[in-house]
Amino acid sequence: MAKELTKRSDNYSQWYNDLVVKAELAENSAVRGCMVIRPYGYAIWEKMQQELDRMFKETGHSNAYFPLFIPKSFLSREAEHVEGFAKECAVVTHYRLKNDGTGKGVVVDETAKLDEELIIRPTSETIIWNTYKNWIQSYRDLPILVNQWANVVRWEMRTRLFLRTTEFLWQEGHTAHATRDEALEETMKMLDVYTNFSERFMALPVYKGVKTENEKFAGAVDTYTIESLMQDGKALQGGTSHFLGQNFAKAFDVQYLSRDGRLEYVWATSWGVSTRLVGSLIMAHSDDHGLVLPPKLAPIQVVIIPIHKNEKQLTEITEKAMKIKKLLEAKGLTVKYDGSDTQKPGWKFAEYELKGVPVRLAIGPRDLENSTVETSRRDTLKKQVVPADGIDRYVKDLLKDIQQNIYNRALDFRNRNTFRANSWDEFRGVIERKGGFVYAHWDGDPETEARIKDETKATIRCIPFNMDQEEGTCIFSGKPSKRRVLFAVAY
RNA sequence: CGGAGAGUAGCGCAGCCCGGUAGCGUACCACGUUCGGGACGUGGGGGUCGCGGGUUCAAAUCCCGCCUCUCCGACCA
């Protein structure tokens with residue numbers, strides 16, 4: 001019993017913290033609020049990056065890189081933008097240290113003060129639009145479809161591994177277009193990319209919609225979002241896509257000469273997902289035994305464990321296992337053979353379950369005799385002994401089934417925890433007792449939204465797409481409402 | 001950033017109130033027996049007691065300051 005996990009039912013957030021550390025995904029560092037992402041956790045992020053990057057390229061985007069530092073004055077060019085981010089910016093004021101005089105340490109050299117302070121990017125709109133100004137003269141220069149993989153810093157008061165850290169990794173797409181429609185189309189296209197990624201790769205169903213004025217990105221005209229549900233009934237924003245209108249073009253004076261010779265401001269979008277996705281992946285699927293990873297994002301998809309009594313058996317089993325490993329790899333699978341003699345099979349079983357490896361194969365003397373393999377699937381923990389012949393096909397199908405099964409499980413959970421409330425009492429009751437998503441009428445007033453948040457902690461996650469128009473009355477104010485919006489307590 | 005708790009071997013903890021040569025479990029190393037769900041025996045190594053200062057003959061223990069983590073608030077992806 002080397003690694004005891006807190007049970008989800010005992011303390012969900014302790015379970016999450018334990019799991020992140022014990023599965024060796026990440027740990028806290030010496031710097032407050034900043035995490036060390038360990039190789040196994042980073043491997044998951046790399047898998048996410050790989051798929052997303054492919055999807056971005058397929059939709060015509062290219063990667064580029066902009067500076068970590070942003071001149072302080074840039075931030076204040078767009079009024080809402082500075083308002084939203086000013087409170088959480090790290091600022092570089094000096095560029096040199098000197099000996100502190102005692103010989104034991106260093107202090108800031110006050111003579112090396114920057115003329116203009118630099119902020120560490122909380123997001124890159126400003127530095128990018130300052131650059132785009134130089135890239136864009138005519139409609140022939142448009143569109144610009146750029147993405148960057150980067151780290152950003154937001155000085156958060158309270159942090160949690162992956163979910164909210166002071167520094168985090170993300171991608172930010174920044175596009176420039178000649179027309180409003182084209183920019184809007186881009187905004188929606190990227191929201192669809194995120195939706196596909198979440199549902200097909202993370203096995204995590206989402207609700208899509210537009211953010212309210214209170215919740216939208218600082219500087220955007222509209223923010224679109226995908227929202228998913230964690231096992232504790234709290235919602236999590238998995239990705240956002242912003243229609244920026246001409247806000248940044250105007251702030252940085254980016255105009256282009258149109259086909260008919262007129263100067264027009266450029267239309268913009270930006271969109272991003274972060275390492276927070278790793279946190280949502282953990283919270284959505286995992287159980288009291290450890291991680292449950294969707295096969296498509298698992299760094300190791302299949303682990304093979306030998307069971308032997310002596311050297312001779314191990315040699316025979318290893319030979320057999322390596323053949324199977326090669327077969328599986330030929331099918332494009334990532335396979336690890338753990339023939340190390342330092343741990344017992346039972347220990348290995350528990351360890352790879354903790355790490356969420358989707359499929360485990362065990363091969364022992366009995367299997368050699370009968371030409372079989374014992375298979376175990378992580379999502380249900382069900383074991384089955386199958387013929388070694390055709391194991392590659394079997395495992396391939398099994399992985400597919402696991403991917404589908406954990407999606408179905410998450411979808412079922414999400415659906416069972418999505419409610420409709422028609423009165424304030426009903427709304428409060430659901431939010432406080434059950435959690436989950438609640439569809440309810442809202443009068444459209446930001447003040448009402450704030451009051452609801454004060455009293456229940458629930459926020460409007462989004463105004464969902466494809467909701468039928470439905471006359472009703474606001475659950476809080478009783479004023480008329482034309483449609484329901486989606487509420488939840490969120491991460 | 002406010003309130004509460006915590007920091008002692010890789011990990012989990014005791015010792016602190018009442019100052020006197022740092023301990024337990026686990027992990028680690030060696031050997032042997034084991035190996036189909038976190039093995040057992042014997043022997044062994046490992047510590048600036050979060051950091052800095054103070055009190056004292058003597059500080060893990062008492063006092064002051066700081067740092068980090070967890071939980072609750074305010075803020076946020």
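What share of the 491 residues in chain A is made up of buried residues? Buried residues make up 53% of them, where buried means under 20% relative accessible area, exposed means over 50% and partly exposed lies in between, for a 1.4 Å probe and protein chains only. The model is predicted, so that local features need pLDDT of at least 70 and side-chain atom pairs count only at pLDDT 80 or more, while totals for chains, interfaces and linings use all residues. Residues are numbered from 1 along each chain as its sequence is written, chains are lettered from A and ligands numbered from 1 in the order in which they are written, and side-chain values use heavy atoms, with hydrogens and water left out.

**Figure 1. Overview of chain A.** Chain A has 14 helices and 27 strands; helices (H or I, at least four residues) and strands (E, at least two) are DSSP runs, numbered from the N terminus. Taken along the principal axes, the C-alpha atoms fill a box of roughly 80 × 70 × 55 Å. Among contacts (heavy atoms within 4.5 Å) between residues at least 6 apart in sequence, 69% join residues at least 24 apart. Chain A exposes about 22,900 Å², of which carbon and sulfur atoms supply 49%; accessible areas come from the Shrake-Rupley method with a 1.4 Å probe, and for residues only the protein chains shown count as cover.

Figure 2. Ile136 is placed in the loop between α5 (125-135) and β9 (144-153), and it counts as buried because its relative accessibility is 3%. Leaving aside neighbours within four places in sequence, the residues in contact with Ile136 include Leu142, Ile144, Ala176, Tyr256 and Val266. Val266 is 130 residues from Ile136 along the chain, with 8.8 Å between their C-alpha atoms. Pro143 is also found in the loop between α5 and β9, and a cis peptide bond, with omega of about -5°, joins Leu142 to Pro143.

**Figure 3. Two residues with positive phi.** Most residues other than glycine have a negative phi, and most peptide bonds are trans. Ser371, which is not a glycine, has a positive phi of about 55°; Ser371 sits in the loop between α11 (365-370) and β20 (372-377) and is partly exposed, with a relative accessible area of 40%. Lys457, also not a glycine, has a positive phi of about 70°. Lys457 is found in the loop between α14 (446-456) and β24 (459-464), and at 63% relative accessibility it counts as exposed.

Figure 4. In the pair formed by Arg8 and Asp288, the closest N and O atoms are 2.9 Å apart. This pair links distant parts of the chain, with Arg8 in the segment before α1 (12-22) and Asp288, 280 residues away, in the loop between α8 (276-285) and β17 (302-306). Arg8 is partly exposed at 26% relative accessible area, and Asp288 is partly exposed at 27%. Lys211 forms a salt bridge with Glu227, the closest N and O atoms being 2.8 Å apart. Lys211 lies in the loop between β11 (207-210) and β12 (222-229), whereas Glu227, 16 residues apart from it, lies in strand β12. Lys211 counts as buried at 4% relative accessibility, and Glu227 counts as buried at 0%.

Figure 5. Asp412 and Arg416 both lie in helix α12 (residues 391-416), four residues apart, which is about one turn of the helix. Their salt bridge has its closest N and O atoms 2.9 Å apart. Asp412 is partly exposed, with a relative accessible area of 38%, whereas Arg416 counts as exposed at 53% relative accessibility. Elsewhere, Glu24, Glu27, Arg38 and Lys355 are linked in a network of salt bridges.

Technical notes. Salt bridge = Lys/Arg side-chain N within 4 Å of Asp/Glu carboxyl O.
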